[in-house]
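Open your viewer and get ready to click along. We will go from stop to stop, selecting a few residues each time.

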Amino acid sequence: MIKLSKHNTGFTLIELMIAVVLSSIFIGGITQVFSRTAQNFRTQRTLSNMMEDARFALDKMNSEFRRTGFLTNRLLPNGTPDFIFHPGIAVDYNAGGYTIRNNGVTTPGNLFTMGTTETIRGAINPAGPASDNVIIRYQLAPDATGTIDFNSEYSPCTNGFSLNGGSNTDQYIISIIFYMGASATVNSNVLYCRAFKENLDNAASNQLQATAVPLISNVERLRILYGETDGTNNMAYKASNQVNNWANVKSARISLALRSEESNISVNAPGNYTINGQFSIAPTNAGENRLYRVFSTTAAFRN
């Protein structure tokens, strides 16, 4: 008969259970760390994409806003901006889209018509959830060859325009409207711009951009505060319905509230966010747990 040594013993059931429990805790901890790392990476990637979109849109808007009221040539008949920026630029709204036209003061726009001295004007977007729309205008003039080179100052908002008037006396007024609109294609709100080119010397060559240009998607709000002067050096930033005289608006504070394209980024449902410290906004579809961020810039005009 073979005798087993008393030293040849294995693990007891209790020891095995303790080892299993400790291994489970260790594996669970590693899994949790991995999950949190993956979630943090996803969040940072989403924030990076949102910042990139905001930077692109605000850069383009800031570039255009800085041209507001700019006059290449003040020596047209009467030689005053009041003559150059004449009334009759009408803004029409229909089914979520905006059209800019010039039918003279006898045919006003159904949204608003710009006054003689106005180079910027804003209003609440009829289709947007308390969002804004804004139109700006400025003058361009061709060089000695009769051409305007937009390649050096490219803007998607004037893409597709033919700005070769064939004469170095032609004068152009560019009007651009920025607004937020819904898009079924991307299932989100989109920031759009649309431009109108007016030839002061040849109305037959006036040109409205064929379609609105989408800048970025996943826009929750476009809110703009307008820096209005009181005739002195004092300036106050106001919402569009608080501006007394649009001719006295000299700057604009532009804010974009964006949401993440992906849902379930935030662990908890997001709360209200604030724009410019004035507007407390509740996120749409908060149960989707998207990220919401507000990005802003301020543009001073050349005029």
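This is a predicted model: local features need pLDDT of at least 70, side-chain atom pairs count only at pLDDT 80 or more; totals for chains, interfaces and linings use all residues.

Residues are numbered from 1 along each chain as its sequence is written, and side-chain values use heavy atoms, with hydrogens and water left out.

**Stop 1**

Select residues 89-94, which form strand β1; six bridges join β1 to its antiparallel neighbour β2. Strands here are DSSP runs (E, at least two residues; helices are H or I, at least four), numbered from the N terminus, and two strands pair if DSSP finds at least two bridges between them. The open sheet has the order β2-β1-β3 with antiparallel pairing. Since β2 (97-102) and β3 (112-113) stand at the edges with a single partner strand each, one side of each is left without a neighbour in the sheet. Now click Asn94: opposite stands Gly97 in β2.

**Stop 2: a sheet of four strands**

Next, find the open antiparallel sheet with the order β11-β10-β12-β15. Its edges are β11 (235-238) and β15 (292-300); each has a single partner strand, so one side of each is left without a neighbour in the sheet. Thr229 stands opposite Met235 in β11.

**Stop 3: the disulfide**

Which cysteine is joined to Cys157? Select Cys193: a disulfide (a pair of cysteine sulfur atoms within 2.5 Å) joins the two, with S to S at 2.3 Å. Cys157 lies in the loop between β5 (132-140) and β6 (172-183), while Cys193 is in strand β7 (residues 188-199), 36 residues apart. Both cysteines are buried, meaning under 20% relative accessible area with a 1.4 Å probe, protein chains only (exposed is over 50%, partly exposed in between).

**Stop 4: the cores**

A nonpolar core is a set of buried Ala, Val, Leu, Ile, Met, Phe, Trp, Tyr and Cys residues joined through side-chain atoms within 4.5 Å. The largest one has 41 residues, and Phe65, Ile120 and Phe178 are among those with the most contacts inside it. Helix α1 (13-65) is one of its suppliers, and gives the most, with seven residues. Apart from this core lies another, of 13 residues, including Phe112 and Tyr179.
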